Structure formats: C-alpha cells, structure tokens
Amino acid sequence: MKNQNVNLNKVYNLSRVPEGVYSIDESGIVNLYLILGEKKAMLVDTGMASGNLAGVVSGITDLSVIVVNTHGHCDHICGNYQFETIYAPEKDLKLMKTFSNISLRIIAILKNLAKGQGPKYSTIKRNNRKPVIPFGDGAVFDLGGRTIRAFEIPGHTRGSVLLFDEQNRLLFSGDSIQRGQMWMFLKESIPLASYLESLKKVRDIVIKSSIVFPSHTESFAGTEVVDELINGIGNILNGTATGDPFRKFFIEGRKYDMESCCVIYNPRRLFAERREGFNL
Ligand SMILES: [Zn+2]
C-alpha cells in the first residue's frame, strides 16, 4: 500500500484481500473493490460517494484507475463523478440515469450513514453524473498481467454483470450472487425464470472461482451458493416451494430462505415480463 495514513473520512474501511485486491467497505453498506494490475487498476463500483473515495484510491495506488460498474443502482454508481474513466453495463444506462438522481443519492446517504459520518448536506448537492463508456457481455479489461472479463447476468437488474479475474479466478458478483438476501423483486428486476437462465449460463464461471466477492456480504466460495440458488428458484418456479410475504420500498414480494441465502421475488412476475411500472 502506498500510504498507510489514508484519510478514510470515517466512511471507508479498507482491507487487503488476496492477490492484489483491496476491499473498500463504505460504512457497512456496500463493498467496493480495487484490483491492481501491472499497468492499471480497476475500481469495481463507486458506492454512494459519502466521502472522498478518489482520495482513498489514490492513497493505495499511483496506477491510472478505471471504474467498472456492476449495475446501475445508486449504491454502486454515485461515486463515479470522482473518476475520469468509467465503464457501465450498456443495458443499465437508463437505470443509471434514474439512480444517479441527486435526491435519491441524498436520501441514500442520509438514511444509511450514522450521524456524523459522511459529507455535509450542502456538499452532496452537486452534479454527480459523468459520461460513461458502455460495455456488454464478454467485454475484457486488460489491467496488465491480469484480465477481467464481464459476464452479463440479467436478474437483479437487466444489465447486471459479473466481473471475473481470469488469472486469479476471483469473481466480483455485484448484487447478482451473494449470501444473504438476493433482491429479485424490484421493479427493475426481470422475471425470476430469466434470472434462473442467467444463473445456469454463468454457473461454470462461478464454480471455477476460488473466491466470490459480492457487494453486500462477506466473500465466499462460489459452489456454496450458486447451486442452492439454481435448485431453490427451480422449486419456486415449478410450484414445489413458495416464500413468505415480504415488503420493502412499498413493494410486495415473497422471501424464500435457503441454507446460506434467500431470494426475494415478485410472485406475479415469475415468468413474464411486466407490462406496467417503471419503463427501464
Ligand atoms: Zn443493486
């Protein structure tokens, strides 16, 4: 690490994880990851920007940094404005416009951070939108000595991606595969059957990974969760399992618990695309 005395703004907690990767925990809300190559560094997501993230990153490395977003939600993209080169999943570009809205960002920061953490209200009021370079399935990011490949995994959002470090078999899974709650009930989530197809498509990559780094829970071995999700969702879709009622953000869903994770889904949108709601 370049400088051990990085000012973490009371917001960011830094830890070194294997193979030249740093985990940056933003107030226990979201994990961001900095992957160091020989020529470039990649920052996986930028969180809510409740502090000086760019300062934290430049305290770790002098390498030029590219940002790659795993999907378009507020808690993953709002710090983009602090960086110069930003890649974003092409199928989430519209969603990003919605979720980088300044009001939503202020609500997310004020609601999630403990009192005294994060920026003053007045400093949050700035334009945090910046041009992005869209990317899609199979995109390869060459960091020098390590390549990161993107795999689309439509489900949580239409444009969600997994980012796979091919040399080190590390997988950065965003909100698409993790222990704990898998949110598939949101208005911008796609039908559960489509998420199941996505999981089957990426299963080999997940199994191949030595460690999976998700955005909201601890890292884990991929085999633990992916087959559980595939089996559990299969049971929901064939009618042999059903979840308990669940409600968040004024949206009704059902929560189905498995051994190490659970899926929250919309029982009215198991197979078909919705015909109403957000047009994202
Ligand atoms: Zn998300």
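**Orientation**

The structure is a predicted model, in which local features need pLDDT of at least 70 and side-chain atom pairs count only at pLDDT 80 or more, while totals for chains, interfaces and linings use all residues. Residues are numbered from 1 along each chain as its sequence is written.

Helices (H or I, at least four residues) and strands (E, at least two) are DSSP runs, numbered from the N terminus. Of the 280 residues, 46% count as buried. A residue is buried if 20 or more other C-beta atoms lie within 10 Å of its own, exposed if 12 or fewer, and partly exposed in between, with C-beta atoms placed from the backbone.

**First stop: the seven-stranded sheet**

Select S1 to S7, which form an open sheet of 7 strands in the order S1-S2-S3-S4-S5-S6-S7, with mixed pairing. Two strands pair if DSSP finds at least two bridges between them. At the edges are S1 and S7 (133-135), each of which pairs on one side only. From one strand to the next, the twist averages 25°.

Ile24 stands opposite Leu32 in S3. In the loop between S2 and S3, select Ser27. Ser27 is not a glycine, yet has a positive phi of about 55°. Ser27 is also buried, with 20 other C-beta atoms within 10 Å.

**Second stop: helix H1**

H1 lies across S1, S2, S3, S4 and S5, and runs at about 30° to S1. Such angles run from 0 to 180 degrees between N-to-C directions, and axes are lines fitted to C-alpha atoms, for helices over the stretch in contact.

Which residues have the most contacts inside the largest nonpolar core? They are Leu34 and Ile35, in a core of 73 residues. Domain 1 (1-136) and domain 2 (149-280) both give residues to this core, so it lies between them; the domain bounds come from an automatic or database domain assignment. A nonpolar core is a set of buried Ala, Val, Leu, Ile, Met, Phe, Trp, Tyr and Cys residues joined through C-beta atoms within 7 Å.

Centre the view on Ile35. Not counting residues up to four places away in sequence, Ile35 touches Gly20, Val21, Ala41, Met42, Val44, Leu143, Ile148 and Asp165. Contact requires C-beta atoms, placed from the backbone, to lie within 7 Å.

Move to the loop between S10 (161-165) and S11 (170-174), and select Arg169. Arg169 has a positive phi, near 55°, though it is a residue other than glycine. Is Arg169 buried or partly exposed? Arg169 is partly exposed, with 14 other C-beta atoms within 10 Å.

Finally, select Phe246 in S14 (residues 244-248). Phe246 is partly exposed, with 16 other C-beta atoms within 10 Å. Leaving aside neighbours within four places in sequence, Phe246 is in contact with Gly253, Arg254, Lys255 and Ile264.

Notes:
Contact = placed C-beta atoms within 7 Å.
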